[in-house]
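Okay, everyone, thanks for coming. I'll bring the structure up on the screen and then talk you through a few spots in it.

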Amino acid sequence: MGLLNKDKKKKPLKIHGGAGGEQSPYRPQAVEKFPPCIKACPSGNDIRSWLITIAQREKLGLSIDEACEKAWLIEMETNPMPSIMGRVCPHPCEVGCNRYEKDGAVAINSVERFFGDFGIEHGLKAPTLDVGGPFDEKIAVVGSGPSGLSCAYQLARRGYRVTMFESLPKVGGMLRYGIPEYRLPREIIDAEYQRVADLGVEIKCGVTVGKDISFEDLKKDYDAVFVGIGAHQGRKLGCPGEEGEGVYTGTEFLRMANAGESPAVGENVIVIGGGDTAIDAARVTLRLGHDAAGVSRRMGSNVTILYRRTRDEMPAIEREIEEALEEDIKIEYLAAPAKMIRDGDGKVVKMVVQHMELGEPDDSGRRRPVPIEGKLTEIPCDTVITAVSQSPDTSSLGAFEETGWMEADVWGRTGIDKVWTGGDNVTLGLATISIGQGRLAATSMHAALRGEQPRADVHGPDIGPDKLILDYYEAKPRAERTVLSPAERLADPRVEIDKGLTDAQAIEETTRCFSCGSCFGCERCWMYCTPGCFKKISNMRPGDFFTINLDTCNGCKKCAEECPCGFLDMV
């Protein structure tokens, strides 16, 4: 990709206009760089390519629809659920975006949602991968969360026969049973999972491995097994008074609410934790206390989150925190539960709160919360939701007792023959991490079944803002999504709050991408090259707009000096 250099020995050429006939050993070389957006994406999505495909569509001779479809296909190489992830991913890709140094990071996640929805609306089919299939081997995937779906998808598109086992009534894992509908509409989940099923993946819901089918039988009947059961089991606090009615774990509470049940909550609810599960549980609780007209029914009308650090350390998505505060959910910082007080009937009536201060950083890099001796207060409550952490529910595998299956290398390989693993049961984290782990496991499984070794992706050198000409790019404000007001949100507790970008906004947002480290056809090398080394390519592709003839190069460096995206190096 990029400028096509002929492999010829460099000739030292005279630099004209200098003093005394100096010789230059330098020649321009096209080196595609590794941009921070792709580097920071745990799924390994080729973000730059799909952004510039839409942004450069006119140069490439593409209509808007053709460009969006190409962008969608690029994303589908690594992520089978762009519409889902365009809604729930906290977009670590945007944190290091070089555009941040000028006027704000590109709204990458918003664009991902835009063409993800485009794929659903236009009925686009998942792309297959020609690697010699179809194959006779059968593969079992245990769990239908992000890692399981990613693994099943990558194997099915290679031509394997894949069966997915899900213990819950419907597919999606924590996407369906952990994330509220107002953040992730169920029709979006259904559409993206159906697309993978259309590749030939057989999905068996309501089947628990270890109960309905033994793990040993699974290993006998299938040539390879991927275990991606997630982390559906909430952890308890170990706090006095915790045992008994009126106390839920965050995952338990959300699973009940998202399954259509109505968890019993009182008027005053305390949620413990600072992550996404805590914020989701608090906001769902508030919605349980409103009727169809958005009128408070007292139940869950007073919701308070206790977090033992400050807002700066809160791991939840910033936008979700803001929306919770807009909905009058209170957050008490530097506060931790010390004791739950129950009345004579065993009902929770108060929470004793220990106030904290921040000490030295702990293993997470965040400052450790330290109790302030003697500083305790009491808060009335009748329901407590603990959302401090999660762990795999290994009982879902029944009698399966082999050890080591949750320990895996980067390829998802375990110490057990024929077994790979990935997702939250290995690394509790973001859905995008699970998608990447499922993809790498599928790559490794395919290699093992074909008697090969998996090969890692190869990238060029990193590129930061210091390698770009920031002044070349026009200043453009970042596009922001439309979000419903608090009153509109609570009027229909299931309505999707975030409406995303308009089509026009999303298309315009792609033009904010710097195309860091990849030629975008600005023509400055061609314009500034006096000897005429650069020739335009008639059949242009993203990152491939010119050829270069080094025979006529005089080594002046002007092309590299004027390249705004840092694609050209002088070597």
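Predicted model: local features only at pLDDT ≥ 70, side-chain atom pairs only at ≥ 80, totals over all residues.

Let's begin with helices. Two packed helices are described by the angle between their axes and the distance between the axes. Here, take H2, residues 47–55, and H3, residues 64–76: their axes come within 8 Å and cross at roughly 175°. Anything over 145 degrees counts as roughly antiparallel, so that is what H2 is to H3. Who makes the contact? From H2 you have Ser49, Trp50, Thr53 and Ile54, and from H3 it's Ala67, Cys68, Lys70, Ala71, Ile74 and Glu75.

Side chains of opposite charge can pair when their charged atoms come close. The count for this model is 41 salt bridges, and I've picked out a few.

How far apart in the chain are Arg113 and Glu496? They pair up with the closest N and O atoms 3.4 Å apart, yet they sit 383 residues apart, so to speak in distant parts of the chain. Arg113 is in helix H5, residues 108–121, while Glu496 is in the loop between helix H14 and strand E20. Buried or exposed? Arg113 has a relative accessible area of 6%, so Arg113 is buried. Glu496 is buried as well, because its value is 13% and the cut-off is under 20%.

Compare that with Asp409 and Arg413, whose closest N and O atoms are 2.7 Å apart. Asp409 is partly exposed at 34%, and Arg413 is also partly exposed, at 31%. One more for the list: Arg478 and Glu480 meet in a salt bridge at 3.2 Å, N to O, and Arg478 is partly exposed at 27%.

On to a couple of buried residues. Cys381 lies in the loop between strands E15 and E16, and with 3% relative accessibility it counts as buried. What is around it? Beyond its sequence neighbours within four places, Cys381 is in contact with Asn268, Ile270, Val348, Val349, Lys350 and Met351. If you like C-alpha distances, Cys381 and Met340 are 9.1 Å apart in space and 41 residues apart in sequence.

Ser434 is the other one, in helix H13, residues 431–449. Ser434 counts as buried at 4% relative accessibility. Not counting residues up to four places away, Ser434 touches Pro146, Ser147, Gly423 and Asp424.

The peptide bond from Gly133 to Pro134 is cis, with omega near 5°, and Pro134 is in the loop between H5 and strand E4. Leu334 has a phi of about 50°; Leu334 lies in the loop between strands E12 and E13 and is partly exposed at 24%. Lys557 has a phi of about 75°, in the loop between strand E22 and helix H17, and Lys557 is partly exposed at 35%.

Last stop, the surface. Which residues make up the nonpolar patch? They are Trp526, Met527 and Tyr528, with about 320 Å² of accessible area together. Trp526 is in helix H16, residues 524–528, and counts as partly exposed at 39% relative accessibility.

That's my tour, thanks.

Key: Residues numbered from 1 in each chain as written. Heavy atoms only, no water. Patch = residues over 30% accessible without salt bridge, like charges linked within 9 Å, V, L, I, M, F, W, Y side chains within 5 Å. Areas by Shrake-Rupley, 256 points an atom, 1.4 Å probe, with all protein chains shown as cover. Salt bridge = Lys/Arg side-chain N within 4 Å of Asp/Glu carboxyl O. Helix = DSSP H or I, 4+ residues; strand = E, 2+ residues; numbered from the N terminus. Buried < 20%, exposed > 50% of the residue type's maximum accessible area, 1.4 Å probe, protein only. Axes fitted to C-alpha atoms, helices over the stretch in contact; angles between N-to-C directions. Parallel < 35°, antiparallel > 145°, perpendicular 65-115°, else oblique. Contact = heavy atoms within 4.5 Å.
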